[in-house]
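Below are some notes for a colleague who is opening this model for the first time. Please read them with the structure in view.

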Amino acid sequence: MSNQNIADINRKAWNAIVKQEKTIHPTKGKKEAELLNVFIRSLPKGGKVLDLGCGSGIPIGKKLHNAGLVLVGVDVSEKMVKEYQKNISGATTYRTPMTGINFKKEFDGIISSFSMLCLPPDDFSLVAHKIALALKAGGWFLLILNEGDSKTGAVQEVQGEQMYSTGMSEKEVRDVFELQGMKVIRVERETVKTQEYGTEHTMLFLMQGKPC
């Protein structure tokens, strides 16, 4: 299956989930809330943030917006983008796969909350490269995903829809981002259970880009 086919499958799945008004991002764990606060405090006042796989903007985009940050949302699903525009006043949005971004030293911070687990390994590496390019010197990146092995990635049922999803090991994440000059500042783990996604073994990475 090609990476383009995977992107199309995921776009259709998220469009269907939004149309059915299902919860996109249910309340997660304490570590997620803690690291999101650390991420926000690390950014300059009024800083610019790229929200990768932005979804509907609830609750993460809304929290970033309420903290006075300027948001740019990117999502493969046009229906997600429309919801983000409704929920985050003044945000700029792009309907594109994450692999389609081409920003250069534009953002004080970038966040990907459970969105990069929808990428096959080679696209994961490509997006990591583009994240490093998009950050300003010393910018911050918060990555949240599920722990696992990328080799087990497959199209599976998520919220009643067929979607590609995978996990990543800590070593895989470190190897990919450290190759781009990113420094891993903090790693946290927690297990969370929600009605929407079942039991997830989550990893959270707070990283910083090159100082210059």
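Which residue in S9 does valine 187 stand opposite? Valine 187 stands opposite phenylalanine 205 in S9.

1. Basis of the notes. This is a predicted model, in which local features need pLDDT of at least 70 and side-chain atom pairs count only at pLDDT 80 or more, while totals for chains, interfaces and linings use all residues. Residues are numbered from 1 along each chain as its sequence is written, and side-chain values use heavy atoms, with hydrogens and water left out. Helices (H or I, at least four residues) and strands (E, at least two) are DSSP runs, numbered from the N terminus.

2. The open sheet. An open sheet is formed by 7 strands in the order S3-S2-S1-S4-S5-S9-S8, and its pairing is mixed; two strands count as paired if DSSP finds at least two bridges between them. Strand S3 (92-95) and S8 are the edge strands, each pairing on one side only. On average, and with direction ignored, neighbouring strands of this sheet are turned by 15 degrees against each other.

3. Strand S8 (residues 183-194) and strand S9 (residues 198-208) run antiparallel and are joined by 11 bridges, and a hairpin connects S8 to S9 through 3 residues.

4. A second hairpin. Strand S6 (residues 154-158) and strand S7 (residues 161-165) run antiparallel, with 5 bridges joining them, and alanine 154 stands opposite serine 165 in S7. The hairpin of S6 and S7 has 2 residues between the strands, and glutamine 159 in the turn has a positive phi of about 50 degrees.

5. Helices across the sheet strands. Helix H2 (residues 30-42) lies across strand S1 (48-52), strand S4 (107-113), S5, S8 and S9, and runs at about 145 degrees to S8. H5 lies across S1, S4 and S5, running at about 145 degrees to S5. For these angles, axes are lines fitted to C-alpha atoms, for helices over the stretch in contact, and the values run from 0 to 180 degrees between N-to-C directions.

6. H1 against H4. Helix H1 (residues 3-19) packs with helix H4 (residues 78-87) at an angle of about 45 degrees, their axes being 7 Å apart. H1 is therefore oblique to H4, where angles under 35 degrees count as roughly parallel, over 145 as roughly antiparallel, 65 to 115 as roughly perpendicular and the rest as oblique. Arg11, Trp14, Asn15 and Val18 in H1 meet Glu78, Lys79, Met80 and Glu83 in H4, contact meaning heavy atoms within 4.5 Å. The residues of this contact divide into 3 nonpolar, 1 polar and 4 charged; Ala, Val, Leu, Ile, Met, Phe, Trp, Tyr, Cys and Pro count as nonpolar, Asp, Glu, Lys and Arg as charged, and the others, Gly among them, as polar.

7. Backbone points to check. Isoleucine 58 and proline 59 are joined by a cis peptide bond, with omega about 5 degrees, and proline 59 lies in the loop between S1 and helix H3 (60-66). Glutamate 21, although it is not a glycine, has a positive phi of about 60 degrees, and this glutamate 21 is found in the loop between H1 and H2.
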